[in-house]
Amino acid sequence: MSIASTDLFSLGLDDHDRLNKELGGGIPPGSIILVEGDYGAGKSAMSQRFTYGLCEEGHEVTYLSTELTVGSFLDQMHSLSYDMVDHILDENVLFLHADIGESNALTGGDEQSDRKELLKRLMEAEVMWDADVVVIDTFDAILRNDPKFEALVRQNEERQAALEVISYFRDVISQGKCIMLTVDPSTLDEEAIGPFRAIADVFIELEMIEVGNDVRRQINVLRFAGMGEQVGDTIGFSVRSGTGIVIESRSVA
């Protein structure tokens, strides 16, 4: 059932691209948005587009990156014509860099005892959850580098670990906030990622398709609960320097 567009968090930039229109006028408050895609599919660019558009519409956003520092974040946003400097100065956006340590895979070692309990620290960082929308890019890196989650994976109990995180997320979104997670599905097994897919109110897959010598990107909308206007199942897009996200009218099928 659709809801009034005034109840949605608009992604704005209607005069810049058609993303907000293609996604039905915005994202519903009180929802978890899962954006999946392999490396290079455009997850970061999409999360940055969401962040900029939401700030332009007057919403407060927390952006947690496992890869970018604040300097590289501003540089990347500027290259996409999403100028975030004023929004950071005006405290419309809180940028955080997640120090996930040296390891980037589910492996053991002597450094195990020194590794940070990332998920625990994430949930205890109260200030980051004050915003209307919290973006975590990329969430799989936090899961893979959390020693407690890793230990549960070794015991084949990753589903239980995921459910504990989801319980916290439910508490957050019950306040009308949104949580956006980007995930590379190739880095996690089904038991770990399955619960997040099941709980997501909005589930988007970013896909790259080779057409001759050209690589085309598309958004596959697998689930969109609480949509405003009609949301397309498949939306072609590109990421262009100096422009940002561009919605393509052609079919990529």
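## The sheet

Two strands are taken to pair if DSSP finds at least two bridges between them.

Strand 7 (residues 214–224) and strand 8 (residues 234–240) run antiparallel and are joined by four bridges. Ile-219 has Ile-235 in strand 8 as its bridge partner.

## Basis of the model

The model is predicted: local features need pLDDT of at least 70 and side-chain atom pairs count only at pLDDT 80 or more, while totals for chains, interfaces and linings use all residues. Residues are numbered from 1 along each chain as its sequence is written, and side-chain values use heavy atoms, with hydrogens and water left out.

## Aromatic pairs

The whole structure holds eight aromatic pairs, counted where ring centres of Phe, Tyr or Trp (its six-membered ring) lie within 6.5 Å; planes under 30 degrees apart are stacked, over 60 edge-to-face and the rest tilted. Tyr-63 and Phe-73 form a tilted pair, 4.9 Å centre to centre with 40° between the planes. Tyr-63 lies in strand 2 (residues 61–65) and Phe-73 in helix 3 (residues 70–79), so the pair ties together parts 10 residues apart in sequence; helices are DSSP runs of H or I, at least four residues.

Tyr-63 also forms a stacked pair with Phe-95, at 6.1 Å centre to centre and 15° between the planes. This pair links strand 2 with strand 3, 32 residues apart. Both Tyr-63 and Phe-95 are buried, meaning under 20% relative accessible area, with exposed over 50% and partly exposed in between (1.4 Å probe, protein chains only).

Conventions:
Helix = DSSP H or I, 4+ residues; strand = E, 2+ residues; numbered from the N terminus.
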